[in-house]
Each structure stands twice: as C-alpha cells, then as structure tokens.
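Visitor: I'd like to learn how to read a structure like this one. Can we go through it together?

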Amino acid sequence: MSEYDFDIFVIGGGINGCGIARDAVGRGYRVGLAEMNDLASATSSASTKLFHGGLRYLEYFEFRLVKEALIEREHLLHAMPHISWPMRFVLPLAPDMRFDNSTPTSRLLRKVMPWMQGRRPDWLIRLGLFLYDHMGGRKILPATETLNLQTAAEGQPLKNSFAKAFEYSDCWIEDSRLVALNAQDAKQRGAHVMTRTKVIATQRHADHWVVTLLDQKTQDRHEITTKMIVNAAGPWVGELLGQTLGLKTNEGVRLVRGSHIVTHKLFDHDKAYFFQGTDGRIIFAIPYENDFTLIGTTDQDHLDPNEPVECTAEEQAYLLNFASQYFETPVTNDDIVWTFSGVRPLYDDGASSASAATRDYVLKIDCADDTAPVLNIFGGKITTYRKLAESALVEIENALGAKSAPWTKRVPLPGGDFNVDGFDALVKNLLDSYDFLTSTWATRMVRMYGTNAEKIIAKVAQTSDGKQDFGCNVTAAELDWGIENEFVQTADDFVWRRTRLGLKLTNEQIQSIDSYILGNQ
Ligand code: FAD
C-alpha cells in the first residue's frame, strides 16, 4: 500500500477530467477528482451536444480528428443508448451565396477556380460527405442522401429559393449527463469524486504532490497527497499551469467563446439543419427538448476564463440574422427563450482566426528534473473524450507503470446496458408495469436514466411521498436518486445540468426543488 492518498489526482470535473478518472480507476489506479463548482458547470454543459466528426473540419484538413471522432460516434452510441441517439442533418445548398477566404480549402479553390468566387461548389460538399460517410466505419448510422426541398417536409420551413439539400448522419448527446454518468461510474468503481472543491495550491516533491483543497461551501481547507496530477481544468488549464502548479511553460491555451440561442420550436420534424454562412462559417438549428430549437454557435476570442461567459447582443443578432437567411419566417429577438455560452479551451496553434484554431486535443506531460509528474490537457471535443482518456492513460502508464489494458470501448455507462434499438421497448415495459405513468413521463425517465429508470419509478410506486410532484413529473424519488448517485447539491445542478427542466419549470417549482434538495443531503 502506497503512503500517498492517490496515484492520480484529477483537477476538473468536465468531460475530460471525468472521462480520465473513470478510465484510470477502472484500470486499478487510486483516483481522486476535484471540481470547483458542479460537474459540467463550465464548457461541458454548453456544447452544441453533438457526437460528430465535424464536417467543417475537413476544410481545415483535420483528417485525424475527423476520422477518430467518426469512428467513436458508434462506440459511444452502444455505450449510452439512453442519452445519445442518431440524428439526421439537412444541409441546404445555397447557390447564390458567396463565401469568403476563411478556410484553406476556400483559398485553394479561389486560386484554381477563380470563377467560383469562393463559393463551395455542390460537388465539393458531396465529396466531403462521401468522405464523412466512409472514413468512420459506419454501421448503425444511415448514409448521405439528396433531398428535393420543394417537395420534402424538411423544405417547408425554409425559403423557397432552397431547392436541394444533402441529408447526412451524426448523433445527439446530452452533454452534461454524459459527464455526470462518467463521474457516477468512476465513483462506483472506487474513485473519490469531490464537487465544489477547488484546488488552490500545490507543492511538488520528488515522487509526489501535496495538493491544497478548498471546500467552497464551508471554506475549510485540507491537503491530500498524490503521485501524479492531471490538469483537466478546461478554460483554466493555463491559469492552473502558471499559477497553481507553478510551471514555467510556453504552452498556450486559446479561449474561444461559442454561444447558442434557444427559441420556440421553429419546425415540427426531428431532423436538424446545417446552414452555411457568407462568412465561411456554419451554424446548426436543432430540435431541442421537444418544444424548442437550438441555434448555434459563434466563435469569439475570450481572453479571461474568469470573465462571465455570456451570449452578447452582437452574438444574438449574428445568430438571428444567419438563421433568418434560411427560414421563411424571420427569427427575431422575440423568439429567444434562453441563451447559453461556453468557452472552448483550445490548444494555441497560432491560427489567425478563432474558427480556424485546431479542435484536436494535445496532451503535455511535465516530469522534469526527477519531480512528480503532471499531465496537462488542452482542447478536445465531447465526441473524443473517451479516446482522449485512453491517450492520457498511455502517458499515465509511462509515468506510473502500467496496470491493465484499455477497457472503456462500448462498456455501458450507468443505465446504458441495453441495445441501441431497445429504447422503445424499455419505455413500453415501464408503461406496462406502472399504470400511473404517462407516455411523456416514461419517455423522459428512460432518456435520462435508461435501465435505472425502473429503480426510480419502483420507489415512486412504493412510497407515498415518493410521488410528490415538483412539476414536469419530477418526484422526490427522482431527486433522491440525483442526490445519492449523480452529485446533485442544488436545484441548479438538477434543473440545468442533470436535466434541462429549467426551460419548463416555474421559478416557484425550482425553489421548492431547491428546498427539498437542501433538506435531504
Ligand atoms: P470543462 O468542461 O470546462 O471542465 C473543466 C472543469 O475544471 C470546469 O468544470 C472547472 O470548474 C474545473 N476547474 C477549473 N479550475 C479548477 C480548480 N482550480 N479546481 C477544481 N476544479 C477546477 N464538442 C463536441 O464533441 N460536440 C459539440 O457539439 C461541441 N460543441 C461545442 C460548442 C461550444 C460552444 C463549445 C464551447 C464547445 C463545444 N464542444 C463540442 C467542445 C467540448 O464542449 C469541449 O471540448 C469540452 O466540453 C471540454 O471539456 P473539459 O473537461 O476540457 O472542460
């Protein structure tokens, strides 16, 4: 038994920190993790929520990243068929739009075909989609098709000038639930996960670190010891490096803010739109939480991770204007019901524009001069979190010695132990077993908890207070589950990150959820 508390101490409870913690504890390391706020309270709850290869990254020749992400989509679908599902994307062709010089591909096209004036020709988009279909060993997801927008239902909400579209596949992921389920699984396997715990100081020794933690609720400080640190602090990775870890380094992080607007539902079908803009950028318009449409994103340099991360009036106007070039009925400020923003912690590769900065991840180990190691994580995507964790484990094994082989591929996250096409059967089983459930309620429970939904509903059925309804069929039994298993400590954790019910519940309902949670921890 080592004299130190942990082999690995992870700083940051976003997707990368939780993914690494889960992988490492499953291989037999002793793992601790500190998150200064709630799990997924920063970037990992503010993504566009796609498991995707990133069609537009092909234009930047990021073939490694795109291929890895495309292959990963289907492994992830198998491991979490409750919180992730296939989605079709309609990409209208925009014959009259002229594009600028913003990507390497558009600059090349301007040189070899000046008469195109920067427009992405249809054949180029089709070629990109051909690669997209064939680079990633697709088995579950259907291939690209051509749509006649004049006759297809997907053409109805769009302006008449859009006659043709390509339709391709990617996947939806409930981003912040993905983080919570990784943390839950890591804990079940023996990791010590502490939320609302900030790493405020470290001391480096020859074979271990002493880490000072601040309990954000009580303001108590305490120290732990660990053989190695993993710095997965996302937007704060640079601040941690220079200040808390005291490392001298030239590695830089480029913070790029991305904002989304959520509007009333703008269309009735369950497919998403992929719109090309005249500035060379793209945005998505995606069906969201049944009653809404999610539109994003932007790319704005964001200099200080401690500055508030908000969707500015300019970003809102940009997204409204962009979407209105496609939708028949203009999208206006009055349609907006919510906005959210996140900061991409990208590796600074010296790219000129925020859109062009690499989305690939970079891992840098520092174990200079016979001192205890630290692994710093830059960049990455939700989609590649599991692969990033596997790469991190290669570095960890080099530093600490190997324990056991990679294991996470297709191993279900909590509640994900059912077939990718088994969702409807799970809902039906619940409905058949509990006559008080409605279809909407049962569907929501399976979407969130998968096979664990039955455990919560059984408790609702057994106890009279378990049925207590806080609104939208949220019961005391469900809140208890969140407190016991998913690190829920406030109403905000539950209504904005374990669920998105904040969009539907009233302030009074959220207040009574808060009181229940505070009284039952
Ligand atoms: P974070 O989620 O930010 O986690 C870092 C954590 O560290 C934070 O929770 C923070 O509180 C904690 N922390 C910091 N300092 C300390 C400290 N001193 N002590 C304790 N804790 C600390 N990827 C996709 O695959 N698909 C998408 O559709 C997609 N869309 C995106 C859209 C936008 C607008 C953005 C911004 C990103 C998007 N991404 C997408 C990328 C993806 O969201 C990020 O790469 C990913 O969430 C980063 O996770 P992380 O764990 O590195 O950082």
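Visitor: Where is the place of Arg88?

Guide: First, the ground rules: this is a predicted model, where local features need pLDDT of at least 70, side-chain atom pairs count only at pLDDT 80 or more, and totals for chains, interfaces and linings use all residues. Residues are numbered from 1 along each chain as its sequence is written, and side-chain values use heavy atoms, with hydrogens and water left out. Strands are DSSP runs of E, at least two residues, and helices are runs of H or I, at least four, both numbered from the N terminus. Arg88 sits in strand 4, residues 84-92.

Visitor: Is Arg88 buried or exposed?

Guide: Buried means under 20% relative accessible area, exposed over 50%, and partly exposed in between (1.4 Å probe, protein chains only). Arg88 counts as buried because its relative accessibility is 11%.

Visitor: Which side chain joins that of Arg88 in a polar contact of 2.7 Å?

Guide: A polar contact is a pair of N or O atoms within 3.5 Å; within protein, one must be able to donate a hydrogen and the other to accept it, and residues adjacent in sequence count only if both atoms are side-chain atoms. Here the partner is Ser169. The Arg88 side chain also has a polar atom 3.1 Å from the backbone oxygen of Pro142.

Visitor: And what lies 2.9 Å from an oxygen atom of the ligand?

Guide: That's an N or O atom in the side chain of Asn16. Backbone N or O atoms get there too: one of Ile15 is 3.2 Å from a ligand oxygen, and one of Lys49 is 3.4 Å from a ligand oxygen.
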